[in-house]
Amino acid sequence: MSQTYGKTRWKRFALVMVPSLLATGAVGVSIANSALAASFSISGQQFKVSTSHLHGTNFAQFGAVDVETNGTFHPVAVSAFDTATINDLCQSVVTDLSKLGLGKITLQLHAGTDPKKPVTAKNLLIDLEQLNADAEFTNINIGQDASTLKGTATNGWQGHAKLGGAGLPSGASGFAQSADVADLSGVQQTARATSAGTFTLNGLSLSLKNGDGAGNECF
């Protein structure tokens with residue numbers, strides 16, 4: 001059964017696959033069963049994520065559009081991992097509270113700083129708009145038909161998507177890539193949303209900082 005997840009897959013997504021500009025990183029919400037067992041509308045606010053290293057299995061990437069509650073669309077590149085291990089995770093999101101006289105406040109989260117206790121995730125989906133990293137892929141397929149992607153993280157996306165109520169027919173193709181294994185280092189990404197079937201944040205630390213920019217955000 002297809003899940004829209006407040007987004008839709010692009011029917012044509014001509015993403016250039018360059019190793020230093022590919023998807024990675026993750027932080028988000030825990031969903032009890034699987035990443036595609038729930039649907040939500042995004043806030044429309046971007047957040048930053050950095051990590052020293054991400055190791056993922058059954059990697060896939062394809063185009064999508066995230067949808068706010070007010071109907072605003074945001075094109076994103078969705079990166080999917082059946083499993084992921086993440087070291088030195090940082091997430092930061094800035095909220096402007098100037099109307100309350102507080103200025104900008106940055107929420108900063110850290111986890112997985114102990115090499116023996118990294119962050120782990122299953123059925124991980126990352127909706128990103130910008131990414132810098134070094135990447136190595138094992139058995140990669142570039143230009144794959146998105147309807148043929150395999151794995152638990154992409155289950156429910158194949159062959160169907162919706163945009164403003166207009167659905168693509170079953171079996172509609174779209175540009176995608178996949179790999180058995182993905183290793184990404186020195187990750188800096190800007191994302192719209194992240195979801196996972198399970199998301200284990202070992203060594204979680206959360207703090208609020210006055211202001212934004214260097215020293216307050218992850219990068």
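The protein has an average pLDDT of 79, and 74% of its residues score at least 70, where pLDDT is the predictor's confidence in each residue, from 0 to 100. This is a predicted model, in which local features need pLDDT of at least 70 and side-chain atom pairs count only at pLDDT 80 or more, while totals for chains, interfaces and linings use all residues. Residues are numbered from 1 along each chain as its sequence is written, and side-chain values use heavy atoms, with hydrogens and water left out.

Confidence is highest in strand S6 (residues 104-111), at a mean of 96, and lowest in strand S2 (residues 29-30), at 30; helices (H or I, at least four residues) and strands (E, at least two) are DSSP runs, numbered from the N terminus. Over residues 11-39 the pLDDT stays under 50, and the model has 105 contacts for them beyond four places in sequence, a contact meaning heavy atoms within 4.5 Å. Residues 158-172 also stay under 50, with 34 such contacts in the model. Where pLDDT is low, the predicted coordinates should not be read in detail.

Turning to the backbone, most residues other than glycine have a negative phi. Asn139, in the loop between S7 and strand S8 (141-145), has a positive phi of about 55° although it is not a glycine.

Which of these terms, buried or exposed, describes Asn123? Asn123 is buried, because its relative accessible area is 11%, and buried means under 20%, exposed over 50%, and partly exposed in between (1.4 Å probe, protein chains only). Asn139, at 53% relative accessibility, therefore counts as exposed.
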